[in-house]
Every structure is written in structure tokens, then in C-alpha cells.
Amino acid sequence: MAATDTDRAQRGIQSIEVGGQLLRALVHHGRPMALKDLAREADMTAAKAHPYMVSFGRLGLIEQDRASGHYLLGPLALQLGLISLQQADPVHIATPLIGQLAQQLGHTVALAVWGARGATIVRTAESPSPVHVNMRHGTVFSLTNTASGRVFATYLDAAVVRALLEEERQRQKQRKGAVEPAPPAGMPPVQPLPSWSDFERQLKEVRDHGISRSDGEVIEGVSAMAAPVFDHTGAIVLAVTAIGPAGIFNTAWDGEISRALKACADTVSQRLGATATVLPALPTSLSKT
């Protein structure tokens, strides 16, 4: 019996789908993994998994750490992820604006989206100043102690944010008792996570001002501010983040950097169809239109 057009259209390649389970395991865990652990996650033997990993390595989808032998996502996987994120309309709209903003402020400016592991950089515009702070594509911001993380936490569903905070708390408990290495030079010591009530107070401050800020929480002497971008439904879709040396970075709520970031974010929001009727209550130009 001949196969129908529908059968032919839906027919896939089983070996690709089987091997894809290994990639899913790497993405799910978000860290380098040993072959035996990857194989277990994909419900196959290490001997079966190994040829897939060799082929994925040749394609650039994964790479192997020479020291540990663990596997991690490779350059092609990173490029695919970034291109997928960049094809979203908000990123396309905002990208040309952040280059102008970096020139205006004299600080590096980045776009972050909310990804599977948190607020993630997808675009950067370097500062024209010889003294600046670099940000890398793919960097994931902390939920609790970065300007970008807190600005997303402010406007995402509270139940989602609370669950993420609890997950991080559980991970800290699991590490309790382990010997933690001293932080690298210039990095502040790891701070305990805030309680939900304390975090709510921080998020209220962000909502009150329509922007988030951070002073030396991740790297000593480095400050940042982040403004939210909303789509036509009023949902946050981007954070426009500026970062620079604390000595020349003005984090005043009504300072030049704050006003410029909010103006840029407002422009992108407006082009995405956001209006005062769908936006969260914000003390920005959008809430006054």
C-alpha cells in the first residue's frame, strides 16, 4: 500500500530524534555533563550515546572539555539559540536604538530577554569610552542581585518569580556544607538570598521608579540600570540594560542614564503596540500618553 501525502509529510528520521534527547539533556541541565550522565538522561547506554556525540561535535552542536571530558553545547548551538532570539521582533526593533544609546551615555548597553535560565543577553552595544565594562552574548543575569534580573522579576507573574526564588534557595541548601571556593578578586562574597517579603520590597521599588539598578552586587565597582520593554499585551519582553564603572555611572533614579534608558524602552514598547491602557502602572512617558 502506497504511503499517503500526509504520511510522507510527517515521516521523520528516528536516529535524529533519538540523538536529540542528548541535546535536550544538556539544555535542561545547563551545565557540562559526563557521557554516562547524558546517556542516562536520554535513556540509552553510553556506548550508544557516544557516536551521536561525535557527530554533534563535528557539526559544532557540542564540544568536549579536554580536562574533564564533559560535554557542553558548542558554537553552532549558541549561534542557533542567539539567532532564534534575535529574530523576535522586539530585538530587531531595539537593536539599532541601543547603539545610539551607548554613544549617548558613554556606557555599554545590552538587550536581555527572559530565557529558560533567566534574563539572558542577546545583543550588546559597546561603550565608546576607553573605560568600559564588557558584556557577552548568552550571559544569564541573576534573578535577585542584578538590575536586569530584578526588572524581569518585577513584571513577571509573581507565582513564577516566587517559584524561581525557591528553586534557587533549594540549590543553595543542597550546597550547604560544601567547601565554597573564595570568590575571584574583585568579586563580592556570595550573599544569602532575600526572603520573599524582602524581595517583594525590592521589586516594589523597581515598579515605583519604572527602572531597576544595581551597585557593585556582582562585581565591585560596577553599576547597572535596566528598563523594561512591554509588548501590545502589557507583558515584559525585553530589558534595556546599561552597565559601567561605578565612579562614572550615575544610578540616580531621575538621572541622565535612567531617563535615557526609559526613553529607549518606551520607544520600543510603543513600536510593539504597547499603550497606557495595557501597561503596568509606570512613572514613565508611556504611562502619561
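Me: Why are H2 and H4 called roughly perpendicular to each other?

Reply: In this predicted model, H2 and helix H4, which covers residues 46–59, pack at an angle of about 85°, with their axes 10 Å apart. Angles of 65 to 115 degrees count as roughly perpendicular, and therefore H2 and H4 are described as roughly perpendicular to each other.

Me: What makes the contact between H2 and H4, and which classes of residue does it have?

Reply: On the H2 side the contact is made by Ser-15, Val-18, Gly-19, Gly-20, Leu-22 and Leu-23, while H4 brings Lys-48, Ala-49, Tyr-52, Met-53 and Phe-56. By class, the contact of H2 with H4 has seven nonpolar, three polar and one charged residues.

Me: Why is H6 called roughly antiparallel to H10?

Reply: Helix H6 (residues 89–105) and helix H10 (residues 256–271) pack at an angle of about 160°, and their axes are 10 Å apart. Because angles over 145 degrees count as roughly antiparallel, H6 is roughly antiparallel to H10. H6 also passes H10 in a right-handed crossing.

Me: Which residues make the contact between H6 and H10?

Reply: H6 contributes Pro-90, Ile-93, Ala-94, Leu-97, Leu-101, Gln-104 and Leu-105, and these meet Glu-256, Ile-257, Ala-260, Leu-261, Cys-264, Thr-267, Val-268 and Arg-271 of H10. Sorted by class, the contact of H6 with H10 has 11 nonpolar, two polar and two charged residues.

Me: How do you know that H7 is roughly perpendicular to H9?

Reply: The axes of helix H7 (residues 147–155) and helix H9 (residues 196–209) come within 9 Å and cross at roughly 90°. Since 65 to 115 degrees is the range that counts as roughly perpendicular, H7 is roughly perpendicular to H9. The residues in contact are Arg-150, Val-151, Ala-153, Thr-154 and Tyr-155 of H7, together with Phe-199, Gln-202, Leu-203, Val-206 and Arg-207 of H9. By class, the contact of H7 with H9 has six nonpolar, two polar and two charged residues.

Me: What makes up the lining of the second largest pocket?

Reply: The second largest pocket holds about 1,100 Å³ of space and is lined by 25 residues, of which Leu-73, Leu-78, Arg-117, Gly-138 and Val-140 lie nearest its centre. The elements that give two or more residues to this lining are helix H2 (14–29), strand S2 (71–73), helix H5 (75–86) and strand S3 (108–115). H5 gives the most to the lining of the second largest pocket, with five residues, and by class the lining has 14 nonpolar, eight polar and three charged residues.

Definitions and conventions: Residues numbered from 1 in each chain as written. Predicted model: local features only at pLDDT ≥ 70, side-chain atom pairs only at ≥ 80, totals over all residues. Heavy atoms only, no water. Axes fitted to C-alpha atoms, helices over the stretch in contact; angles between N-to-C directions. Helix = DSSP H or I, 4+ residues; strand = E, 2+ residues; numbered from the N terminus. Parallel < 35°, antiparallel > 145°, perpendicular 65-115°, else oblique. Left-handed = near helix turned anticlockwise from the far one by under 90°. Contact = heavy atoms within 4.5 Å. Nonpolar A, V, L, I, M, F, W, Y, C, P; charged D, E, K, R; others polar. 1 Å grid on protein atoms, 1.4 Å probe; cavity = no way out; pocket = protein on both sides within 12 Å on 5 of 7 lines; lining within 4 Å. Points joined across faces, edges and corners; volume = space filled by probe spheres on them.
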